[in-house]
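Good morning, and thank you for making time for this item.

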Amino acid sequence: MKKLSLLVLFLLILSLLGSSVTLSQVLPTLPRSETLIVDALHGRLANPKDFNFWKPGVSVGNGTQQMLLDGLWYLDPQTGKTIYALAESDPVYSKDFTKMTVKLRKGIFWSDGKPFTADDVVFTVEYLKKHQGMNYSAQFAKWVSKVYKTDDYTVVFELTESAPFFHYIFTSIVYSTCYIMPKHIFEKVEDPLKFEFNPPVSLGAYVLKNYDPAGYWWLFERRADWKRTSVGQLYGMPRPKYVLFIYYGPDEKKVMAQTKHELDLIFDLTPEAWEVLRKSNPYSRVWYKDFPWAWMDDVRARVMAFNLEKFPYNIKDVRWALTLATDIVDVVTSGFDGIARTNPLFMAATASLMKEFYLPLEGWLKNFALEDGYMPWDSTVPYRIADYAKKKGYKVRGEPREIFGIGWWKYDPTQAEKLLTKNGFKKDARGKWLLPDGKPWRITITAPAGFEIHATRLAFAVADQWRKFGIDVNVETVEAGPFWSKWHLGDFEVGSYWSVPATDFYSFIQQYHSRFYKPTGEVASAGNQIRLKNKKLDELLDKLVALQPEDPKAKDLVVEIIKLFVEEKPLPIFIINLKFNAQDHYYWTKFPNADDPYQAPVWWWGQFKFILPHIRTTGRK
Amino acid sequence: MNLLKRYILPRLIQYFIVIFIGITIVFLAPRFIPLDPVISVINRITAYGAQYMDPEALEKLTETLKELYGLKGSIFEQYIKFWKRLFRGDFGPSLTIFPTPVISIIKNSLPWTAGLLIIAALLSWSIGNILGGLAGYFSNKKWAKVLSVIAMVIYPIPYYIMALILIILFAYVFPIFPIVGGYSIGINPSFSFIFSLIKHAFLPALALVIVGIGWWFLSMRSLTSTITSEDYVVYAETMGIPKNKVLFQYVMKNSMLPQITNLALQIGGIFSGSLVTEYVFSYPGIGQVLYMAINNGDFNLLMGIVTFSILGIATAALLIDLLYPLFDPRVRYR
């Protein structure tokens with residue numbers, strides 16, 4: 001009798017736990033067909049209730065910037081086009097670039113019914129400038145002498161000195177920007193560092209409906225007045241009524257969730273996790289429907305960064321020798337199974353930037369020669385990667401040059417040997433390279449441990465190449481905290497980092513001006529962690545900073561800088577970052593992808609808000 | 001009075017010395033490891049390209065953050081400031097999630113960890129010790145041998161693997177349990193909410209209990225086996241005292257002493273969380289927060305959590321020391 005009672009009790013507990021009392025797995029109270037579920041970039045947040053984006057410690061990639069915040073301009077890296085959000089047109093500068101005028105979009109309202117006007121923009125700048133330590137405070141303090149409105153929809157910025165790039169502070173070029181604050185809320189806040197902006201008033205097409213105090217999810221609901229937002233005015237109604245940002249945990253959990261159709265969009269998976277997902281959920285895809293699947297238009301590229309102050313990496317010939325001792329096809333096929341686009345130039349090889357910079361430079365690359373007349377360019381690389389893929393049984397749809405890049409540097413150990421020998425390097429009896437002083441040449445490559453898996457893979461693949469060439473190479477994998485400390489302090493000789501610009505070239509490149517140089521051992525807070533010092537680069541940067549980023553003359557200077565990076569080879573650049581940002585087409589479809597590349601598939605960027613009106617429900621309940 | 005002087009007072013002094021040394025080490029250790037919270041913030045800003053930052057503005061921001069974080073001044077000045085704040089129960093602001101107070105982050109996460117780990121520890125301790133005690137005393141019985149084999153198979157399974165097996169089985173193949181969070185989305189406090197809480201905690205707790213039982217079972221069985229062969233047990237059995245009485249009052253009672261100490265230390269240690277559990281089950285708790293603090297060089301958050309942990313373990317050890325005379329008459333009469 002006792003045993004029977006225990007059994008009944010056990011069955012009762014199990015059935016209750018599995019029953020409809022606790023309902024379905026993720027969304028017990030929401031219609032799944034009206035809800036888009038998105039992977040939360042930052043994982044679990046320890047302060048999930050803080051929506052004051054303008055504070056330095058608040059993360060916005062878990063939905064806040066995509067759903068609630070809005071900025072003046074957004075630059076889409078996929079198409080290279082500008083999205084005019086809160087600004088209705090380009091900024092207008094005075095001739096000497098000391099004054100910028102912006103016309104704002106009319107008919108935009110905050111979610112609490114207050115109109116968005118020039119007062120909000122003026123307030124944002126003045127308020128952030130006044131409160132040190134807040135995001136953008138340093139920039140506004142440096143550049144803005146006065147900001148005022150001339151009418152409710154026109155703002156004038158008077159600048160402390162000529163700043164033709166000033167509008168970039170308000171442009172989401174990569175990931176985020178300076179979003180506009182609601183004056184009517186913040187004007188009552190005395191200490192913004194203590195203010196959590198909760199509940200947040202939204203300028204986006206959604207409002208915050210609920211969130212997990214433990215920091216795993218945030219739920220947003222479409223505003224009834226979505227027409228009174230930039231998204232509504234530009235592209236119409238965002239389709240999902242609800243958008244849930246949720247962190248499921250490690251990759252295997254995300255794969256399980258998408259297989260069960262409980263996670264529509266994933267930030268990034270390892271290739272192995274994608275392989276499992278691809279085979280278990282026929283509705284999942286990434287950018288390409290078939291091989292190589294991954295999205296390869298991200299705005300950074302993988303490099304082997306040399307600390308240019310450390311011997312022998314301060315010698316140009318050594319840097320070139322290590323480049324020519326690397327068989328990129330072998331790196332891409334053995335390290336990435338052929339899923340990679342080569343990125344030889346100091347500009348991310350995105351689809352739009354390849355058209356804008358790579359193709360026009362192709363002639364120059366073919367004729368480019370080292371000091372001894374050797375021509376290192378190899379345009380056969382994409383075809384050899386495609387051949388590898390075909391041999392593996394994959395179908396390569398499309399032009400290999402568009403998928404795998406237009407080429408890379410030749411694999412030529414003989415030429416590499418020549419360059420090293422010229423600089424006093426020798427080989428011992430076992431074929432191992434010795435430094436000019438006769439000591440064995442040992443390289444330590446610093447790589448991330450447990451994050452940015454592709455950087456780690458690249459480190460091991462390149463180490464194999466250099467070992468084959470006769471160098472003793474060790475890969476040191478380091479956790480995020482010390483990894484970044486080493487990077488900024490210059491505590492590395494070769495590091496597997498991702499440090500190549502894309503649409504943000506103009507701002508990114510400024511860090512390499514020698515006036516920001518810090519010797520190894522000091523924190524390179526302004527950038528230039530590789531400790532590059534180059535007079536010609538300084539001259540080009542001085543000219544560039546005097547031009548508007550969109551000026552055709554600026555583009556010419558950018559091309560000159562790219563060429564200089566080829567000649568000097570401060571850091572060999574290997575492949576563009578790739579992402580397996582999987583999309584599930586079970587409940588929702590028409591996400592951007594290679595078949596319809598209307599926008600970059602960046603669910604974690606502020607730009608994501610403009611994707612939502614394009615997607616469609618499949619009708620499944 | 002004599003007891004206070006001879007037994008309680010030395011332990012109290014030892015308790016405070018341990019806490020002082022522990023906290024001092026916690027203060028110094030992060031400052032000598034290659035981590036810089038300001039670099040961490042700057043890196044977050046630049047790695048995502050989150051802001052248009054010209055290099056001069058970045059340099060200025062670095063200085064401002066150092067000022068705001070209280071990282072200017074000598075280590076000694078920071079140390080004095082730290083103790084002053086600690087006496088007020090203030091660990092300062094988190095440097096990663098600046099300026100959220102460390103104490104509010106801990107308050108947000110600790111109840112989840114405490115709830116899960118205390119229940120799991122008590123369950124596995126009780127079940128493991130009872131079964132281990134029985135199996136040790138009746139070691140020749142078939143069921144005891146079977147239980148021992150099961151425990152020996154379970155115990156060496158890495159916790160991560162056990163957790164994954166449970167998730168795959170009960171959240172994926174048979175989707176009974178959820179795979180993320182502490183409770184379902186959109187549920188308001190009610191009967192359903194309580195069930196949702198239990199449902200979300202069930203798998204993480206089950207994994208902890210299964211692996212925990214293995215250890216408690218094996219250690220208790222081994223202790224019991226040793227005590228069973230002691231003269232006083234053999235004598236009691238020879239005298240014809242009922243087996244149940246011998247088992248519970250002679251054998252188990254004596255075997256329990258080291259197990260009680262271990263339990264107290266385990267419960268004292270919950271303040272550092274259970275990172276793997278939280279990571280695999282995506283269950284809220286303090287472990288992930290601690291990991292984030294270590295990775296980002298968030299000195300204040302790190303010190304806050306570890307201080308709780310030191311206090312927890314030291315207090316547990318003190319309590320056990322003070323309570324031991326109640327369990328063990330040999331201590332009482334020493």
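Predicted model: local features only at pLDDT ≥ 70, side-chain atom pairs only at ≥ 80, totals over all residues.

Residues are numbered from 1 along each chain as its sequence is written, while chains are lettered from A and ligands numbered from 1 in the order in which they are written.

Let me start with the domains of chain A. The assignment, whose bounds come from an automatic or database source, gives domain 1 (38-247 + 587-621) and domain 2 (301-576). Their C-alpha centres lie 34 Å apart. Contact here requires C-beta atoms, placed from the backbone, within 7 Å; 12 residues from domain 1 of chain A and 13 residues from domain 2 of chain A take part. On the domain 1 side, the touching residues comprise 8 nonpolar, 4 polar and no charged ones. In this classification Ala, Val, Leu, Ile, Met, Phe, Trp, Tyr, Cys and Pro are nonpolar, Asp, Glu, Lys and Arg are charged, and the others, Gly among them, are polar.

I turn to the strands. Helices (H or I, at least four residues) and strands (E, at least two) are DSSP runs, numbered from the N terminus. Two strands pair if DSSP finds at least two bridges between them. Strand S1 (35-39) of chain A pairs in the parallel sense with strand S11 (residues 242-246) of chain A over 5 bridges, and Leu36(A) has Val243(A) as its bridge partner in S11(A).

How many residues of S1(A) are buried? The count is 5 of its 5 residues, where buried means 20 or more other C-beta atoms within 10 Å of the residue's own, exposed means 12 or fewer, and partly exposed lies in between, with C-beta atoms placed from the backbone. Thr35(A), Ile37(A) and Asp39(A) lie on one side and Leu36(A) and Val38(A) on the other, and both faces are covered.

In the loop between S1(A) and helix H2 (64-68) of chain A we find His42(A). It is classed as partly exposed because it has 17 C-beta neighbours inside 10 Å. Leaving aside residues up to four places away in sequence, His42(A) touches Ser59(A), Gly61(A) and Asn62(A). Its C-alpha is separated by 25 Å from that of His614(A), 572 residues apart along the chain.

Next comes helix H11 (residues 351-367) of chain A. Its 17 residues reach 23 Å from first C-alpha to last, close to the 24 Å expected at 1.5 Å a residue, the expectation being 1.5 Å times one less than the number of residues. Where is the kink in H11(A) centred? A kink of about 40° is centred on Leu361(A), the bend being the angle between axes fitted to the seven residues ending at a residue and the seven starting there. Leu361(A) is also one of the buried residues of H11(A), and their cover includes strand S14 (377-378) and helix H19 (552-568) of chain A.

Finally, helix H10 (residues 243-268) of chain B has 26 residues and reaches 35 Å, close to the expected 38 Å. H10(B) bends by about 40° at Met252(B), and Met252(B) is among its buried residues. The buried residues of H10(B) pack against helices H5 (102-137), H8 (191-228), H9 (231-238) and H13 (299-327) of chain B.

Terms used. Contact = placed C-beta atoms within 7 Å.
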